[in-house]
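Here's a friendly walk through one protein model. Have a look at the picture first, and then we'll go through it piece by piece.

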Amino acid sequence: MSRFAKILVALLVLASANFVRAEETEEAPKKKTIEFPSPDGRFAFRYSGEKSEDEKQTYDLIEKASGKVVKIVAESDPDMGASARFAMEEVLWRSDSKAFALTAFLWKRGSSLFVFARDGSTFRKVKLPELSSEIPEKAKKGKNFPHVNQLNSTTANAWQKDGSLLVEIETIVDGEGGTLTATRTVVLGFDHSGKAKILKSTIKFAIEDR
């Protein structure tokens with residue numbers, strides 16, 4: 001697992017299996033945004049906080065009609081400074097509203113993927129196989145690329161009709177006047193127990209001169 005993924009996993013806070021009400025405070029967050037509703041209209045996500053280092057961010061899965069918190073998906077720790085700042089790039093719901101794939105961007109570290117599946121009255125995080133995009137020496141074609149610009153940045157692209165998930169993993173290195181990008185495309189399947197596995201994987205390499 002990349003250092004970025006480890007940091008973001010540390011920020012994920014799992015709520016209890018039951019619906020809970022958000023705690024009320026005397027001072028409401030300066031910003032609240034409701035976004036990414038589920039296809040059945042029952043759920044949505046609520047972002048609270050300002051994108052500054054000293055302001056706590058929270059990202060909650062809520063019951064849209066009542067505003068009840070189903071799960072605290074992520075929250076930042078202001079004590080960690082800029083390294084803890086995140087942005088949810090996109091949430092892709094499966095058509096049956098029983099699973100969603102969340103692509104999160106952590107400040108200066110790239111994106112990472114998390115998948116949640118319905119479990120009773122809440123959603124649980126699905127353990128994913130290792131998703132990496134490695135660059136072999138032969139792909140460098142004799143050139144030197146010593147600097148890692150982006151490592152295993154992972155994005156959910158689309159849910160397939162069969163319930164599988166199309167995922168893209170990208171690693172970018174640079175040096176000798178150019179960049180080398182490894183783009184791996186993976187199809188993730190999920191069995192009846194919710195366990196994930198790689199069904200298909202392809203990878204492409206591209207060198208771009210400056």
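Predicted model: local features only at pLDDT ≥ 70, side-chain atom pairs only at ≥ 80, totals over all residues.

## A residue to start with

Does Asn-152 count as buried or exposed? Asn-152 counts as buried, because its relative accessibility is 15% and buried means under 20% relative accessible area (exposed is over 50%, partly exposed is in between, with a 1.4 Å probe and protein chains only). You'll find Asn-152 in strand β9. Strands (E, at least two residues) and helices (H or I, at least four) are DSSP runs, numbered from the N terminus.

Asn-152 has another feature to look at: its phi is near 50°, a positive value in a residue other than glycine. Most residues other than glycine have a negative phi. Phe-36 does something along those lines too, with a positive phi of about 50° although it is not a glycine. Phe-36 sits in the loop between β1 (32-35) and β2, and is partly exposed, with a relative accessible area of 23%.

Residues are numbered from 1 along each chain as its sequence is written, and side-chain values use heavy atoms, with hydrogens and water left out.

The pLDDT is the predictor's confidence in each residue, from 0 to 100. The protein averages 82, and 77% of the residues score at least 70. Among the elements, β11 has the highest mean pLDDT (97), while helix α1 (residues 3-11) has the lowest (42). Over residues 1-30 the pLDDT is below 50, yet this stretch has 59 contacts in the model beyond near neighbours in sequence. A contact means heavy atoms within 4.5 Å.

## The four-stranded sheet

Now find the open sheet of four strands, in the order β9-β10-β11-β12, with antiparallel pairing. β9 and β12 (196-209) stand at the edges with a single partner strand each, so one side of each has no neighbour in the sheet. From one strand to the next, the twist averages 15°. That angle uses axes, which are lines fitted to C-alpha atoms (for helices over the stretch in contact), and runs from 0 to 180 degrees between N-to-C directions. Strands of a sheet pair through backbone hydrogen bonds, and here two strands pair if DSSP finds at least two bridges between them.

Follow β10 (residues 165-175) for a moment: eight of its eleven residues are buried. Nine bridges join β10 to the antiparallel strand β9 (residues 147-159), and His-147 has Asp-174 as its bridge partner in β10. With β11 (residues 178-190), β10 pairs in the antiparallel sense over eleven bridges. In β11, Thr-171 has Ala-182 as its bridge partner, and Leu-165 has Leu-188.

What about the turns? The hairpin of β9 and β10 has five residues between the strands, and Gly-163 there takes a positive phi near 90°. The hairpin of β10 and β11 has two residues between the strands, and Glu-176 takes a positive phi near 45°.

## A cluster of rings

Rings of Phe, Tyr and Trp (its six-membered ring) pair if their centres lie within 6.5 Å; planes under 30 degrees apart count as stacked, over 60 as edge-to-face and the rest as tilted. By this rule the count comes to ten aromatic pairs. One of them is Phe-45 with Tyr-59, which is stacked, at 5.4 Å centre to centre and 10° between the planes. Phe-45 lies in strand β2 (residues 43-48) and Tyr-59 in strand β3 (residues 58-63), so the pair ties together parts that are 14 residues apart in sequence. Both residues are buried.

Phe-45 has another partner. Its ring centre is 5.1 Å from that of Phe-100 and the planes are at 80°, so this pair is edge-to-face. Ring pairs link Phe-43, Phe-45, Tyr-59, Trp-93, Phe-100, Phe-116 and Phe-123 into a cluster.
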